[in-house]
Amino acid sequence: MSLKRNIQELRERKIEVQKGGGDKAIEKQAAMGKLTARERILAILDENSFHEYDMFVSHLARDFNMEKKILHGDGVITGTGTIHGSPICIYAQDFTVAGGSLGLMHARKITKIMDHALKMRVPLIGINDSGGARIQEGVNSLAGYGEIFFRNTLASGVIPQLSVILGPCAGGAVYSPALTDFVFVVENISKMFITGPSVIKTVLGEEISMEELGGARVHCETAGNAHFYAKNEQECFDQIKKLIELIPRSNTEKAKRVETKEPRKEYNIEEIVPENARLPYDIKDVIRSIADDSEFFEIMELYAPNIVIGFGRLDGQTCGFVANQPKYLAGVLDCDSSDKAARFIRYCDSFNIPIITLEDMPGYLPGVDQEHMGVIRHGAKILYAYSEATVPKITVIIRKAYGGGYIAMNSRHLRADFVFAWPTAEIAVMGPEGAANIVFRKEIQEASNPEAMRKQKIEEYKEKFANPFVAAAQGYIDEVIEPTETRSMLLHALSVAENKSVSMPRKKHGIPPF
Amino acid sequence: MDHTDEKDYGEYPTLSISSGLYKTGLTKKFKERKNWSVPNPKKIYAIIPGTILDVYVKPGHSVKKGETLLILEAMKMQNQITMPFDGKIKKVYVQPDEVIKKLHLMIEIQ
């Protein structure tokens with residue numbers, strides 16, 4: 001009889017906690033177009049797979065009348081579950097409970113699930129929807145943030161860490177997402193900034209809306225802090241599930257291999273790339289013409305679109321694609337595209353994902369702004385990331401591979417395992433126009449018709465150097481291949497590289513040009 | 001799902017890179033970049049946004065290098081803006097209590 005009563009009490013307590021901040025607060029959350037923390041977790045995880053931890057944790061604050069306040073779960077829900085049957089640790093801040101503010105016990109729940117994720121080697125998903133530090137708890141809430149950031153750093157490169165911004169995430173709180181691998185944002189819901197619009201207005205006199213300052217689009221397009229942009233929460237959850245399917249659970253595993261599927265017929269590799277090297281095309285079509293089932297899962301679609309990064313499968317195996325995009329800025333390397341690619345290369349290397357590089361770019365972007373922003377230091381990140389990576393590294397040179405860019409885009413010299421070139425490839429120290437002007441300067445100047453001479457010399461240079469054969473003669477290119485052979489050569493290369501093993505000099509860690 | 005603004009590729013603009021001219025799209029960030037210009041040492045701009053607390057000079061004043069021209073409070077700090085070289089004040093563009101943005105022209109020297 002007493003057992004029955006105890007069980008009854010347990011059930012009642014659970015129901016009470018599951019109400020979060022109560023009906024009114026939940027209504028308010030809905031009015032803002034947001035799901036509740038619990039709804040979000042259930043939408044992301046497989047059905048009936050969620051197990052909640054620390055449901056009855058309560059805060060310890062005793063100042064400012066806090067002792068009288070009941071905060072269910074202390075404003076955060078934590079637990080484990082599965083996505084596509086694969087285990088996941090997850091936490092979601094509950095904005096309906098004290099605005100999802102972070103106090104000591106709230107932070108302890110998060111750090112406990114983080115420790116769990118790291119120990120069990122499973123991915124961690126954090127859903128941020130919080131007004132920030134719980135001011136009544138003072139320095140304890142700052143300590144809480146610090147403990148989270150420290151664990152984000154420890155877990156970096158060991159388990160995948162995903163941050164989902166589904167509400168405000170302001171002040172110091174932004175540094176947890178910034179330390180994680182992938183940040184997901186949703187239009188009109190995500191707000192991320194160090195200093196909010198009201199402070200900016202009073203201190204600096206600059207007027208700006210929250211959306212313009214730190215909305216989803218800004219972080220994806222301009223600031224580069226977020227990796228996935230979605231129009232609504234459901235699209236965001238679909239992106240999370242897709243990503244989890246493609247990546248391994250931890251750095252000791254490979255991504256799950258699935259059955260291979262030939263690319264779809266509508267992507268005909270021979271018809272995508274224009275012969276004229278000055279005309280643009282969409283490099284994503286080339287990726288789709290190569291990848292299994294023509295599926296390409298792009299990362300940072302809106303930021304520095306002159307380089308394309310993302311995952312696709314080859315022979316059922318997840319690969320990271322890094323590709324210049326001639327459709328934007330002729331596919332040049334610049335500060336932003338270098339940052340974007342370098343970080344992705346390091347991600348792939350940490351998690352045993354082979355890297356496929358598709359190259360078609362005329363070099364680094366010229367300009368005072370680029371030089372003054374430090375394109376030297378930023379550009380060096382790509383060199384560092386490729387050189388350091390020990391996963392299988394395969395390059396396909398499609399058209400232009402000029403100068404420093406040629407070296408940077410996973411060249412043989414940075415220990416690419418395979419370098420293939422299409423017959424349209426131009427591997428040279430610079431483009432024919434620039435080179436002819438320097439090499440034949442005197443002849444052009446002294447000619448009776450300098451313009452005609454210039455044209456003739458450019459043609460001569462093109463004939464001699466704008467092809468893959470000079471590099472192939474040196475062994476810098478392994479093979480010149482026909483475009484239609486690209487996929488089969490990549491599959492072959494990957495199978496040869498299956499057991500790749502290289503050893504790097506022992507060190508505590510390198511000093512990349514951060 | 002495609003989230004780019006540009007749905008119709010249409011006609012591409014031309015971009016000049018040292019190795020040649022390319023037909024290619026421009027990014028928003030590239031289009032909105034500021035062109036660099038030679039700085040004019042006679043114009044003193046705010047290098048940080050803030051509030052003018054006090055202005056010590058008037059047009060026509062001769063000021064020695066290193067003397068304080070005005071106080072710009074920014075980031076909880078009262079920054080002394082000093083004269084970069086000996087000269088005469090041509091025009092003062094700010095007054096006490098004015099809140100100014102970054103790169104706001106404060107003082108011009110003759």
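In this predicted model, chain B holds an open sheet in which 4 antiparallel strands follow the order β7-β6-β4-β9. Its edge strands are β7 (77-82) and β9 (99-100) of chain B, each of which pairs on one side only.

**Sheets of chain B**

- Within the sheet β7-β6-β4-β9 of chain B, strand β6 (residues 68-74) and β7(B) run antiparallel and are joined by 6 bridges; one of the residues of β6(B) to follow in the viewer is Thr68(B), whose bridge partner in β7(B) is Thr82(B).
- Another open sheet of chain B, again of 4 strands with antiparallel pairing, has the order β3-β10-β8-β5, and its edges are formed by β3 (43-45) and β5 (62-63) of chain B, each pairing on one side only.
- In the order β3-β10-β8-β5, strand β8 (residues 87-92) and strand β10 (residues 105-109) of chain B run antiparallel and are joined by 3 bridges, and Ile89(B) has Ile109(B) as its bridge partner in β10(B).

**Overall form of chain B**

- Chain B has 1 helix and 10 strands, and read from the N terminus these elements come in the order β-β-α-β-β-β-β-β-β-β-β.
- Chain B is more spread out than a compact globule, because its radius of gyration is 22 Å, well over the 13 Å that the globule rule gives for 110 residues.
- Taken along the principal axes, the C-alpha atoms of chain B fill a box of roughly 60 × 35 × 20 Å.
- Buried residues account for 22% of the 110 residues of chain B, and among the contacts in chain B with a separation of 6 or more, 48% are between residues 24 or more positions apart.

**Contact between the chains**

- Chain B brings 25 residues to the contact and chain A brings 30 residues; on the chain B side, β1 (14-17), β2 (20-23), α1 (28-31) and β9 each supply at least two residues.
- Of the elements of chain B, β2(B) gives the most to the side that touches chain A, with 4 residues, and the residues of that side comprise 12 nonpolar, 8 polar and 5 charged.

**Overall form of chain A**

- Chain A contains 21 helices and 17 strands, and its C-alpha trace spans about 100 × 55 × 45 Å along its principal axes.
- Of the 514 residues in chain A, 49% are buried, and residues 24 or more positions apart make up 73% of the contacts in chain A with a separation of 6 or more.
- The domain assignment divides chain A into domain 1 (3-246), domain 2 (269-429 + 467-496) and domain 3 (432-465), and the centres of domain 1 and domain 3 of chain A, taken over C-alpha atoms, are 62 Å apart.

**Nonpolar cores**

- The largest nonpolar core has 138 residues, and those with the most contacts inside it are Phe184(A) and Ile345(A).
- Apart from its neighbours within four places in sequence, Ile345(A) is in contact with Val322(A), Ile355(A), Ala385(A), Tyr386(A) and Ala389(A).
- A second, separate core of 15 residues includes Ala46(B), Ile52(B), Val55(B) and Met83(B).

- Helix α12 (residues 283-290) of chain A is mostly covered, with 7 of its 8 residues buried; the buried residues are Ile283(A), Lys284(A), Val286(A), Ile287(A), Arg288(A), Ser289(A) and Ile290(A).
- The elements that cover the buried residues of α12(A) include α11 (269-272), β11 (307-314), β12 (317-324), β13 (355-361), β14 (393-402) and α21 (486-496) of chain A.
- Ser294(A), in the loop between α12 and β10 (297-299) of chain A, has a positive phi of about 55° although it is not a glycine; because 18 other C-beta atoms lie within 10 Å, Ser294(A) counts as partly exposed.
- Asp315(A), in the loop between β11 and β12 of chain A, is also a residue other than glycine with a positive phi, near 55°; with 17 other C-beta atoms within 10 Å, Asp315(A) is partly exposed.

Methods. Residues are numbered from 1 along each chain as its sequence is written. Chains are lettered from A and ligands numbered from 1 in the order in which they are written. This is a predicted model: local features need pLDDT of at least 70, side-chain atom pairs count only at pLDDT 80 or more; totals for chains, interfaces and linings use all residues. Two strands pair if DSSP finds at least two bridges between them. A residue is buried if 20 or more other C-beta atoms lie within 10 Å of its own, exposed if 12 or fewer, and partly exposed in between; C-beta atoms are placed from the backbone. Two residues are in contact if their C-beta atoms, placed from the backbone, lie within 7 Å. Ala, Val, Leu, Ile, Met, Phe, Trp, Tyr, Cys and Pro count as nonpolar, Asp, Glu, Lys and Arg as charged, and the others, Gly among them, as polar. A nonpolar core is a set of buried Ala, Val, Leu, Ile, Met, Phe, Trp, Tyr and Cys residues joined through C-beta atoms within 7 Å. Domain bounds come from an automatic or database domain assignment. The radius of gyration is taken over C-alpha atoms; the globule rule is 2.2 Å times the number of residues to the power 0.38.
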